[in-house]
Amino acid sequence: MSKTRYKNQKESNEAIAKAYIENNYTNSQNKLLLVSKANYGKRSSNVCYSAVDDKGMNFYEFNNNAEQNLMLIERYEWADFSSVTIDHSIAKSVFTFVGHGENRDITIEVKGKEVEQVIRNHSSMEVNVVKRPVWTKVLGYRSQTTWKMFAASTVYTLIFLFILNALLPASTHNFITGLSLFLFLLSIIGFLVGLIKPKWVLPKFKVKTRKRVLFSYLYLILSCLFIVGIFSDEESTSTPASTQVSSSQNSVTVSSKKDGADSSKQKVEKNDSDKAVKEEKKQKAEEQVAKEEVKRKADEQAAKEEAKQKAEEQAAKEKAEQKAKEQAAKEEAKQKAEEQAAKEEAKQKAQEQAAKEEAERKAQEQAAKEEAERKAEEQAAKQEAERKAQQQAASQQSTTSSSTSNSGNYKPFENDPSDDQQSNMSCSGQIKGNKNSKIYHVPGGAYYDRTQDNIVWFCSEADAQAAGYRESQR
């Protein structure tokens, strides 16, 4: 925004700053909450403005003679600070931000409490508000500097005396003036004594020094002088009037000798003028009381509105906290339900796995049982076959023995070593002999089935033994 545009519109500096800041926030993701005049310390001699948004604070420097009136000089993010200490006064608020780096002191004019509320609602910073007595927030007392407090007390006393002079009737002025002169003399004596022995004239002060005596009794002396000056002013102004009245009375006395009617008329006019003065004073006092009453009511109304605003803010904050608690409870319940479902699912899977393993175990047991039964049947069949083979071998042996004895020239059958097929053998399946080891094996022996090469078949053990073979040990 150019300087020419705003000068043509004849806007104030604050309006120019606010318009520029609002335009600057148009395309920003941050939400602008308020704009206030600020003191940015010694970094800039020009006027500064703060733009407070939901995530931080921008500081702009205002230069009315520049082409661009406002220039952004720095930004603070709420997330960069861990805590803030706030010191509110009537006209301004001092914010001391504490973070990981250097601390920041910012002075916000007028809208300090609004900035505090923004920080509470939109940041996780710890907010510490300096609690001071009400009188320390008054202009002149906030810094607790002695000479500033002395000057402020003097000014406030002078204002109070003028108000008191307007409210009190004129009949009390002489008494107040006399009392002030008496206090003035006591203050002079106390001041002189205090310069020698401060403890004698400062009984209720913790700090009893000559400096304290100087400021305290000098304030009393000036206050007494102010009272005498203000309340004796009416008396001094009334002195010429009384002189005039006395002269008029003399003139009336002289003229009364000439004309008694004129004297009576002047007395009536004097009484009327006194009544008018009294009525005017009474009217001023009533107007002053009315003003004070209006001011008091306005202060009470402002206090009520502030209390109402605080109550609404507190209710909103409690409602937000309640919603957050309810949301947390819902999420916790949901999480517990999910955990319960996961546990039940895991339990179900474990049960299914156990059932599966039990079924597999039973199947294995059934298979082992069937295998055992099969082996038993095979063993029985084998034993039966061996028994039959032995019977057959015995019958054949007897037959062979007879045939051998008859022939006397037996030659056992030998298979071809390169041909392991057992076919066309008259004694195949009976006595198996190994030609190389000269050992024969009967059916059912341990090495009967293992012997595959160099086989010599015998129809009986007698034939094998006759051929020079011995029986296997297994």
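Thr107 counts as buried, because its relative accessibility is 14% and buried means under 20% relative accessible area, with exposed over 50% and partly exposed in between (1.4 Å probe, protein chains only). Thr107 sits in strand β7, residues 104–109. Leaving out residues up to four places away in sequence, Thr107 touches Lys37, Ala38, Asn39, Lys92, Ser93 and Val94; a contact means heavy atoms within 4.5 Å.

A word on the source. This is a predicted model, in which local features need pLDDT of at least 70 and side-chain atom pairs count only at pLDDT 80 or more, while totals for chains, interfaces and linings use all residues. Residues are numbered from 1 along each chain as its sequence is written, and side-chain values use heavy atoms, with hydrogens and water left out.

Now the whole protein. It has nine helices and 13 strands. Of its 474 residues, 25% count as buried. The accessible surface comes to about 32,700 Å², and 53% of that belongs to carbon and sulfur atoms; such areas come from the Shrake-Rupley method with a 1.4 Å probe, and for residues only the protein chains shown count as cover. Among contacts between residues at least 6 apart in sequence, 51% join residues at least 24 apart.

What span should helix α4 have at 1.5 Å a residue? The 22 residues of α4, 146–167, should span 32 Å, and the end C-alpha atoms are 31 Å apart, which agrees. The expected span is 1.5 Å times one less than the number of residues. The buried residues of α4 are Phe150, Ala152, Ser153, Thr154, Thr157 and Leu161.

Helix α5 has 24 residues and reaches 35 Å from its first C-alpha to its last, close to the 34 Å expected. Its buried residues include His173, Ile176, Phe191 and Gly194. Helix α5, residues 173–196, also gives the largest share of a nonpolar surface patch, seven residues. The patch covers about 840 Å² and is made by Phe175, Leu179, Phe182, Leu183, Leu186, Ile189, Val193 and Trp200. Patch residues have over 30% relative accessible area and no salt bridge, with like charges joined within 9 Å and nonpolar side chains (Val, Leu, Ile, Met, Phe, Trp, Tyr) within 5 Å. A salt bridge is a side-chain nitrogen of Lys or Arg within 4 Å of a carboxyl oxygen of Asp or Glu. Leu183, in helix α5, is partly exposed, with a relative accessible area of 39%.

Now some loops. Ser123 is in the loop between α3 (112–122) and β8 (126–129). How far apart in space are Ser123 and Lys55? They are 7.5 Å apart, C-alpha to C-alpha, and 68 residues apart in sequence. Not counting residues up to four places away in sequence, Ser123 touches Trp78 and Val118. A polar atom of the Ser123 side chain lies 2.5 Å from the backbone oxygen of Ile119.

Last, two positive phi values. Lys438, not a glycine, has a phi near 60 degrees. Lys438 lies in the loop between β10 (431–434) and β11 (439–441), and is partly exposed at 38%. Asn454 is not a glycine either, and has a positive phi of about 55 degrees. Asn454 lies in the loop between β11 and β12 (455–458). At 23% relative accessibility, Asn454 counts as partly exposed.

How values were computed
Helix = DSSP H or I, 4+ residues; strand = E, 2+ residues; numbered from the N terminus. Polar contact = N/O pair within 3.5 Å; in protein donor to acceptor, adjacent residues only side chain to side chain.
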